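Please read them alongside the entry below.

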Amino acid sequence: MSPTPTPVQTHCPYCALQCGMSLTAARPAVPGGVPVVVGGREFPTNRGGLCQKGWTSAGVLAAPDRLTTPLLRGADGELRTASWDEALSVVARGLARIAVESGPEAVAVFGGGGLTNEKAYTLGKFARTVLRTPNIDYNGRFCMASAAAGMNRAFGVDRGLPFPLTDLGGAQAVLLLGSNLAETMPPSVRHLAGARAAGGLVVVDPRRSTTAQLADGGQGVHLAPVPGTDLAVLLGLLHVVLAEGLADTEYLETRTTGAEAVRRSVAAWWPERAAAVCGVPADDLRRTARLLAAASGRHGGAGAYILTGRGVEQSTQGTATVTAAINLALALGLPGRPGSGFGAVTGQGNGQGGREHGQKADQLPGYRMITDPSARAHVAAVWGVEEETIPGPGLPAVALLDALGRDGGPRALLVHGSNVVVSAPNADRVVERLRALDLLVVCDVVPSETARMADVVLPVTQWAEEEGTMTSLEGRVIRRRRAVDAPGEVRSELWVWAELARRLGSGVELATDPEQVFDELARASAGGPADYSGLSHGRLDAAESRGDGLYWPCPDGEGAPHPGTPRMFLDGFPTPDGRARMTAVDHGGPSDDVREDAPTYLVTGRVLQHYQTGAQTHRVPELEDAQPEPFVEVHPLLALRVGLEDGETVRLTTSRGTALARARWTTDIRPDTVFMPFHWAGEGSVNRLTTDAVDPTSKMPEFKVCAVRLEPAVPTSPVDAETSAALTANGAR
Ligand SMILES: Nc1nc2c(c(=O)[nH]1)N[C@H]1C(S)=C(S)[C@@H](COP(=O)(O)OP(=O)(O)OC[C@H]3O[C@@H](n4cnc5c(=O)[nH]c(N)nc54)[C@H](O)[C@@H]3O)O[C@H]1N2
Ligand SMILES: Nc1nc2c(c(=O)[nH]1)N[C@H]1C(S)=C(S)[C@@H](COP(=O)(O)OP(=O)(O)OC[C@H]3O[C@@H](n4cnc5c(=O)[nH]c(N)nc54)[C@H](O)[C@@H]3O)O[C@H]1N2
Ligand code: SF4
Ligand SMILES: [Mo]
């Protein structure tokens, strides 16, 4: 009898909830089949529960087209298999040539918020010390940049949830702005039970989303604003709080600055005026403001939380909207008060850690700014380089992608953990820019749409095949553990960067052992806002065995180890004067507003079964069966006006491009708005439609709102007939 395999205690490969799971090695039922069994595990955020993606996550390990060898594009234009030696020589020679000809900034790097802390840190170090390029940014620019900008400005630090998620459980009210938790983090819904029981769940979404439905039956309120007008909703709510004397004046006086300017700025946003802009009835705004105030500690309530999601952040006024939400939270005295708070719900698996360790264009490890002389000196000392050799800030993601292959722009791009062909806004333009490159290198686990465009594809380890750490949406640092061996020639990205550093003759030694990398990262972060210096794999392993992790900041100090910081701001904010900063903001509206030739709002987002561009989840049969094809949610009233049957293929056209998807009739959406998920490539790719206009502060693109025209995609030419047949075949599968 073979010994019972010991389950490996780890976390889900997908979202920032990072549900605890156990992986038990198993003999695959079929050759090349799934090598592990997934179990739910007791962990504070998920308490044994997982969503459908989590339960089926082992399927990604058995993807039939898993990348197992390096690939090189041959003279015939096709990708062929190659040895690591050959592939890395091509990359190193190409990078060296381009850097000599056009300068180091002609080599650019694009990272991902799904990479472990160790990989994110090493990628940033590789870019700055080996390539010496300023041009590194990552897909977190698409995800958390506006929340980060708003929180840094107001609180002096950006930790998505500055409190444990489980704290929500005790709240009397939770205001969710543009977050569809019930589909994007299903196991977290349990933490809303208290607020629902108290009738205090408020969901702001132009759709009656799965999460908005949780507010039904007296459990809360659903506000359905015109897309892109959340700022007006928030200005109206703050107006009511101040006008009705519901604000926590003592808190405002002792813990904030800037309140007077904010008070003046919302004076003109009385509820009827806000209602005229956002379409939410004035009485609903009043009711919501009163409900939140009643729940706040000042009025004797059990506590209130205000949380933002991508629905309000992926906007050209994303930073302003987050700021308005923070102003409201501060007026109610929520941040830093036990049982209350403000937070932004981080998205990607390591969306939090990924934005702390230096893969962002303007940032060094420990969430330090690359322009800060003392931060540069500290990190240079850890890296063993001269401070002057560390480049300054580079181009943020959208500008970086747009500069590719242009005069003076990057000529080579290395992609690590992102599928920009599908996930970036104005995607046809992105494809055009990628084609203009001299060298595109993509590290991935599967042949994503972006990998398929590459000159060199490098197969790397994923999730259950590697060791490392992730930082969850609450700033809790947790361990990712290896449960299976990687197939074929697959190597770790840490090895890839070390090997490239060597081949480029940089003289920089990059560690390849995740534990060693973590120790270095911890030192590099010491004294920064995201201080990991008191953490180590060993300490985190001990925490994991108790079914927990440790929250940053966790500095290394004298005496007993620092316990970590589950709750921030209890004694003050990490700003120079210890107070939170309120900043007046005003509503402008979306950059691409509806007009005669594009009279409908297009909003985008997610469904439960697919993750992002679907690179992983389209390869899991159960998920693909449940959500097999692109679709667009259309209200029947709009459908009748446009002449669209339920299930009919619709052509969507914006100033950027066109897409095709099947219409799904639903009354759970505003009749002036359609919704389309971004999980598909090709004709059903919604990012061929979205605008690449960005928020002026955070440089985050406006994924959530643009103006679109709809029409039935009646087959009129042979090409269209073929397209339509393909979609039908897909749907019937
Ligand atoms: N199933 C699944 N889960 C995921 C992911 C996934 O791809 N699939 N991705 C993970 C990642 S990286 C992220 S960032 C999170 C995102 O998590 P969420 O922010 O919850 O997800 P979205 O669906 O992008 O957007 C949320 C809601 O915003 C609404 N919305 C659109 N426009 C507006 C608007 O103008 N105003 C308001 N108030 N709402 C608007 C949409 O209707 C949608 O219901 O999910 C994480 N979890
Ligand atoms: N229209 C619209 N567009 C959006 C959004 C939206 O709401 N609407 N949301 C935006 C948001 S919030 C996000 S986060 C982005 C996500 O956009 P992307 O990050 O581009 O999407 P993913 O599909 O997660 O791509 C990750 C890729 O990395 C690979 N991968 C997984 N693990 C590893 C690893 O360890 N190393 C390497 N090298 N590769 C790995 C996966 O196979 C996949 O190909 O999309 C953005 N795009
Ligand atoms: S909620 Fe997120 S972390 Fe949890 S099982 Fe689902 S995808 Fe995985
Ligand atoms: Mo995200």
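How do the residues of the shell around ligand 2 divide into nonpolar, polar and charged?

1. The shell around ligand 2 divides into 11 nonpolar, 16 polar and 5 charged residues. Here Ala, Val, Leu, Ile, Met, Phe, Trp, Tyr, Cys and Pro count as nonpolar, Asp, Glu, Lys and Arg as charged, and the others, Gly among them, as polar.

2. This is a predicted model, in which local features need pLDDT of at least 70, side-chain atom pairs count only at pLDDT 80 or more, and totals for chains, interfaces and linings use all residues. Residues are numbered from 1 along each chain as its sequence is written, chains are lettered from A and ligands numbered from 1 in the order in which they are written, and side-chain values use heavy atoms, with hydrogens and water left out.

3. Among the 32 residues around ligand 2 (a heavy atom within 4 Å), N139, S423, D444, E493 and T613 come nearest. Domain 2 (71–143 + 352–513) and domain 4 (600–729) both give residues to this shell, so ligand 2 lies between them. The domain bounds come from an automatic or database domain assignment.

4. Polar contacts are pairs of N or O atoms within 3.5 Å. An oxygen atom of ligand 2 lies 2.7 Å from a backbone N or O atom of N419. Nitrogen atoms of ligand 2 are 2.9 Å from a polar backbone atom of C443 and 2.9 Å from a polar side-chain atom of T604. The protein covers 96% of the 920 Å² of accessible area that ligand 2 has on its own (Shrake-Rupley method, 1.4 Å probe).

5. Ligand 2 sits in the largest cavity, with more than half of its atoms within 2 Å of the grid points. A cavity is a set of points on a 1 Å grid over the protein atoms alone where a 1.4 Å probe fits but cannot get out. The largest cavity holds about 750 Å³ of space, the volume being that filled by probe spheres set on the points.

6. Ligand 1 takes the space of the second largest cavity. A polar side-chain atom of R606 lies 2.6 Å from an oxygen atom of ligand 1, and a polar backbone atom of L608 is 2.9 Å from a nitrogen atom of ligand 1. Of the 910 Å² that ligand 1 exposes when taken alone, the protein buries 99%.

7. Around ligand 3 there are 13 residues, with C12, C15, C19, C51 and P187 nearest. Its shell has 10 nonpolar, 2 polar and 1 charged residues.

Terms used:
A polar contact is a pair of N or O atoms within 3.5 Å; within protein, one must be able to donate a hydrogen and the other to accept it, and residues adjacent in sequence count only if both atoms are side-chain atoms. On a 1 Å grid over the protein atoms alone, a cavity is a set of points where a 1.4 Å probe fits but cannot get out, and a pocket is an open set with protein on both sides within 12 Å along at least five of seven lines; lining residues have an atom within 4 Å of a point.
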